Amino acid sequence: MDLQLDGKTVYVTGTATGIGRDVVRLFAQEGASVFAVDRAIDVLDDYVAEEKLTSVRTHEADLSQLEQCNGAADTAVRHFGGPPDILVNNVGIGRMLPFEELSDEDFHRTFELNFFAMARTCRRLVPRMHAAGGGSVVNVTSDLAGQPETVFVDYAASKAAVVSLSKTLARTYAPTVRVNDVSPGPIWTPLWFREGGYLETVEKNYGLKGDAAIAELIRDRQIPLGRLGEPVEVARAVLFLASPLAAYSTGATLGVNGGTVRAAF
């Protein structure tokens, strides 16, 4: 299926690992020019070189900082000679902590990257996209935005804020710019298997190791598809919503969660 993305310009945040790197790769494979932003620039540059993604321009920025967030967006506009056709807000962090262990600083840190980076980037780019005649925005949220649990408290709250703002922007800039969300469930990214990642907390909580701990988590969360998702499965959904094939979708949330959210929308 031709997603009609050849020649499109794309701005993507949070691109060094996980979902973001697959988003970058798939857009490049579709013939798009990509401006990829991450603070882990060495990791990102190595990946782009290894995959021979010649249509990808990398940029180092800590998007939790206002000046760097705005600077990255402005650099992309200069690079493309105008605003991007497509904006993907993917950058984010999260930790498995219960409410009573979270300080004000924890909430601020999470919201600066998960919510404010998205809000600031949209404020910098979406009006320009609108003035230029159109475009598409895809924000990566989380199933926890609509189905919170007793951990990931600050993360879930920040992603719920992203969903709310996405719908506001969809109404504000329609019909010129479409704004949609992709809502992943548990996805096997470095946030899980890195040192200090989610897996360590899951192992501690269940008193099990590795695959056994993951299997218990899947049973506990009652994930109908019986596994964690893969980053590329989320990336494919991002590309679809960003593409002209989704031309009648705005203000929508597409779940890629294995069935974790069973509420009626």
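Hi everyone. Let me begin with a definition: a cavity is a set of points, on a 1 Å grid over the protein atoms alone, where a 1.4 Å probe fits but cannot get out. Rolling a probe the size of a water molecule over the atoms shows where empty space is left.

Now, what you see above is a predicted model, so local features need pLDDT of at least 70 and side-chain atom pairs count only at pLDDT 80 or more, while totals for chains, interfaces and linings use all residues. Residues are numbered from 1 along each chain as its sequence is written, and side-chain values use heavy atoms, with hydrogens and water left out.

How many cavities of 30 Å³ or more does a search of the whole structure find? The search finds 1. Helix α4 gives the largest share of the lining, 5 residues. Helices here are DSSP runs of H or I with at least four residues, and strands are runs of E with at least two.

Let's move on to salt bridges. The rule is a side-chain nitrogen of Lys or Arg within 4 Å of a carboxyl oxygen of Asp or Glu, and the whole structure has 11 of them. One of them joins Arg95 to Asp106, with the closest N and O atoms 2.8 Å apart. Arg95 sits in the loop between β4 (86–89) and α4, and Asp106 in helix α4, so the pair ties together parts 11 residues apart in sequence.

Are these two partners buried or exposed? By relative accessible area, buried means under 20%, exposed over 50%, and partly exposed in between, using a 1.4 Å probe and protein chains only. Arg95 is partly exposed at 39%, whereas Asp106 is buried at 9%.

Another salt bridge links Asp22 and Arg25, at 2.8 Å from N to O. Both residues lie in helix α1 (residues 18–29), 3 residues apart, about one turn of the helix. Asp22 is buried at 12%, and Arg25 also counts as buried, at 16%.

Lys209 is exposed at 65%, but Glu203 is buried at 13%. Finally, shared partners join Asp74, Arg124 and Arg128 into one salt-bridge network.

Notes:
1 Å grid on protein atoms, 1.4 Å probe; cavity = no way out; pocket = protein on both sides within 12 Å on 5 of 7 lines; lining within 4 Å. Points joined across faces, edges and corners; volume = space filled by probe spheres on them.
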